[in-house]
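Please read these notes with the sequence and the 3D view open side by side. Each numbered point takes up one part of the structure.

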Amino acid sequence: MNETITLNVNGMKCGGCENNVISKLSAMAGISQVTASSKSNEVSVEFDNSVVTLAAISAAITDAGYTVSAA
Ligand SMILES: [Cu+2]
């Protein structure tokens, strides 16, 4: 089932960081839509929760070098 979540993500400083997060997440199976804002420190993800988990999404953001502080 599709679900949309907004995560608080720290460490994004510019549009390059936003694009980095967006391209990393967009490449993952089950993720249909990603928006990222370095201004509000938010990443919104629309995903199919039968394909990909919130934990995997958080891990991908962490791997990219950013910190997920809250869901
Ligand atoms: Cu940046």
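The points below go from the whole chain to single residues.

1. Basis of the notes. The model is predicted, so local features are given only where pLDDT is at least 70 and side-chain atom pairs only at pLDDT 80 or more, while totals for chains, interfaces and linings use all residues. Residues are numbered from 1 along each chain as its sequence is written, and side-chain values use heavy atoms, with hydrogens and water left out.

2. Overall layout. The protein has two helices and four strands, in the order β-α-β-β-α-β from the N terminus. Its radius of gyration is 11 Å, close to the 11 Å of the globule rule for 71 residues, so the protein is as compact as a globular protein of that length. The radius is taken over C-alpha atoms, and the rule is 2.2 Å times the number of residues to the power 0.38. Helices (H or I, at least four residues) and strands (E, at least two) are DSSP runs, numbered from the N terminus.

3. Surface and contacts. The accessible surface is about 3,900 Å², and 51% of that belongs to carbon and sulfur atoms; the areas come from the Shrake-Rupley method with a 1.4 Å probe, and for residues only the protein chains shown count as cover. Buried residues are 32% of the 71. Here buried means under 20% relative accessible area, exposed over 50%, and partly exposed in between (1.4 Å probe, protein chains only). Of the contacts (heavy atoms within 4.5 Å) between residues at least 6 apart in sequence, 61% join residues at least 24 apart.

4. The core. Which residues touch the most other members of the largest nonpolar core? They are L25, V43 and I57, in a core of 19 residues. Two or more residues come from each of β1 (2-10), α1 (15-26), β2 (31-37), β3 (42-48) and α2. Such a core is a set of buried Ala, Val, Leu, Ile, Met, Phe, Trp, Tyr and Cys residues joined through side-chain atoms within 4.5 Å. Beyond its neighbours within four places in sequence, L25 contacts I31, V34, V43, V45, I57, A60 and I61.

5. Helix α2. In α2 (residues 54-63), I57, S58, A60 and I61 are buried. These four cover an arc of only 160° around the axis, which puts them on the same side of α2; the arc is that of the directions from the helix axis to the C-beta atoms. A55 and D63, on the other side, are exposed. G65, with a positive phi near 105°, follows the helix.

6. The copper ion. C14 (SG) and C17 (SG) coordinate the copper ion at 2.1 Å. Donors are N, O and S atoms within 2.8 Å of the metal (3.2 Å for Na, K and Ca); water is not among the atoms, so sites may look incomplete. C14 counts as partly exposed at 38% relative accessibility, and C17 counts as buried at 13%.

7. V9 lies in β1 and is buried, with a relative accessible area of 0%. V9 and V68 are 59 residues apart in sequence, yet their C-alpha atoms are 4.5 Å apart. Leaving aside neighbours within four places in sequence, the contacts of V9 include N41, V43 and V68. N41 sits in the loop between β2 and β3 and has a positive phi of about 55° although it is not a glycine.
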